[in-house]
Protein chains: 2
Amino acid sequence: MNYRQRYDAYLQAFNEQLAACCDTYLPLGSQVNEAARYSLLAGGKRVRAVLCMAACELLGGSADQAARFACAVEMLHCYSLIHDDLPCMDNDDFRRGKPSCHKAFGEATALLAGDLLLTEAFEVIADAPVSETARVRASAALAHGAGSAGMVLGQELDLRYECQPVGEETLRLVHRNKTGALINAAVQMGASAAGGSKDDCSLLEQFAYDLGLVFQIVDDVLDVTSTSEELGKPIGSDAENNKTTFATLHGPQGAMELAQQINAEACGRLSRAYGERSEFLTALAESLLCRRT
Amino acid sequence: MNYRQRYDAYLQAFNEQLAACCDTYLPLGSQVNEAARYSLLAGGKRVRAVLCMAACELLGGSADQAARFACAVEMLHCYSLIHDDLPCMDNDDFRRGKPSCHKAFGEATALLAGDLLLTEAFEVIADAPVSETARVRASAALAHGAGSAGMVLGQELDLRYECQPVGEETLRLVHRNKTGALINAAVQMGASAAGGSKDDCSLLEQFAYDLGLVFQIVDDVLDVTSTSEELGKPIGSDAENNKTTFATLHGPQGAMELAQQINAEACGRLSRAYGERSEFLTALAESLLCRRT
């Protein structure tokens, strides 16, 4: 299978499990569940899910073993988007070209839908058909990446620094927590499903944080070089908010060069450690670097 | 030890573990963590924590074994209060006689503090010093009680029915989910720590839901018979909102008689199953029935 075929195979396995998770954990007949499904099933690249399954395969497990964990990490990611879009946070009316959750369902329902997705992510993990060791490790990894040492801290730092100029170190710290920590959780959950060793986990951790950084740099660049139609969300919002980004620090071209360099080092390390087996993950990293949306 | 001494011993064990949890999972230096601590350490009766530890002891475990799970359930309860107080939900300015979290820290920080407590509750469970089986069971129980088959569903039903008259069956359904499900999660987590059997879990489930119902009926009665100073929150709000409660359905006295009857049956069943070992839990039920705040 080539890269695209393998990505699609992961997506298919993921989508099947996600539909099953919706049936069990977000049953029809409730507005909050409907709102959660509206956001969860709105698509997206499912990068975190694919990373979770690919990390599991890299370490000798099967994608299926990690598919429920992949659902959990996407549920968690989705909660963070719903809450992030709320009026008291970024106050975004659109997400992936559709009205954001609170625009479609009202604030109270959106708040609860986010709470629900966060909660059910952990139920999905606890019920997953893998060993108890894997489930405990995955639950710890997800909570750690999403909480006070990860995503929530990142959100706080983002709010704190959004309207003031910051240096590169601070900017990296924000994104390491806001984006990197959950990407790391995704690969660690995949590693848990495969029973990965400590060394495997360390290697994957470095790769995940580098990938997250590249992802964010490219995001910043697309915000100044892309169109609103391409992205399915308003562009130029960073500049409007006077926000420091990698694009303002280095210029769009300088930022892309930085991303290329980080990406090359990250892929080199993974490839030296795992040889051919790392091909999918390095191709995925490459595709995130070169994406247009 | 008499009832009060045993309650205080549970509280002491709980408070020690909660302080340790704050150090590890809500470290100082962050506004969001500070907001989470502000609400989490505001006190309260800690009924869910005590139930968790007492259920563990009832089934032959030690209170210490369940103390981390007790912290998790109180963290989860606290998140629900913070989000419930937000302007888009109940819009309450006070909680336990102090400004509610968003009044003290702003809406964005309060939202994140709630998200954080919910997230870290699951990290506390995943890291708890008990068997992996116990941790997986506790995590499943907490997520199940807090999610689409429990508390979040209860919140949704509460919002749906808050401004229209409902019958007794609907009222019970709302409270079963909104209050009962998390009380049940607390005792199930305690049972997990002790390695309780399926029969134990069923018995405790029925007891927990009855206890939750009694708790709610008494709440409704206090809202019409107590003073704002006694409760530390505004009273009469149910009547003001034209809300159906057990007090409006049965009158305050009729509601109390119903509560006494449910309580007597629940305690009778527990006592027949566990004899003297159930004494603490039945005394706790009695104290919730007779409480003035």
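A crossing of two helices is left-handed if the near helix is turned anticlockwise from the far one by less than a right angle. The exercises below use a predicted model.

**Exercise 1.** Describe how helix 3 and helix 14 of chain B pack.

Solution.
Step 1. Two packed helices are described by the angle between their axes and the distance between the axes.
Step 2. In chain B, the axes of helix 3 (residues 47-58) and helix 14 (residues 279-289) come within 10 Å, crossing at roughly 160 degrees.
Step 3. Angles over 145 degrees count as roughly antiparallel, so helix 3 of chain B is roughly antiparallel to helix 14 of chain B.
Step 4. The crossing of these two helices of chain B is left-handed.
Step 5. Helix 3 of chain B contributes B:Val47, B:Val50, B:Leu51, B:Ala54 and B:Leu58 to the contact, and helix 14 of chain B contributes B:Phe280, B:Leu281, B:Leu284 and B:Leu288.
Step 6. Sorted by class, this contact has nine nonpolar, no polar and no charged residues.

**Exercise 2.** State how much area chain A and chain B bury between them, and which residues of chain A lose the most.

Solution.
Step 1. The buried area is about 3300 Å², with 66% of it on carbon and sulfur atoms.
Step 2. On the chain A side, A:Thr119, A:Val136 and A:Ser148 lose the most area to chain B, together 16% of what that side buries.
Step 3. Each chain is then counted: 42 residues from chain A and 42 residues from chain B take part in the contact.

**Exercise 3.** Find the salt bridges across the interface and in the whole structure.

Solution.
Step 1. Between chain A and chain B there are zero salt bridges.
Step 2. Over all chains, the search finds 22.
Step 3. A:Arg269 pairs with A:Asp210 in a salt bridge, with the closest N and O atoms 2.7 Å apart.
Step 4. A:Arg269 is in helix 13 of chain A and A:Asp210 in helix 10 of chain A, so the pair ties together parts 59 residues apart in sequence.

Technical notes
Residues numbered from 1 in each chain as written. Chains lettered and ligands numbered in written order. Predicted model: local features only at pLDDT ≥ 70, side-chain atom pairs only at ≥ 80, totals over all residues. Heavy atoms only, no water. Axes fitted to C-alpha atoms, helices over the stretch in contact; angles between N-to-C directions. Helix = DSSP H or I, 4+ residues; strand = E, 2+ residues; numbered from the N terminus. Parallel < 35°, antiparallel > 145°, perpendicular 65-115°, else oblique. Contact = heavy atoms within 4.5 Å. Nonpolar A, V, L, I, M, F, W, Y, C, P; charged D, E, K, R; others polar. Buried area = accessible area lost by both parts, 1.4 Å probe. Salt bridge = Lys/Arg side-chain N within 4 Å of Asp/Glu carboxyl O.
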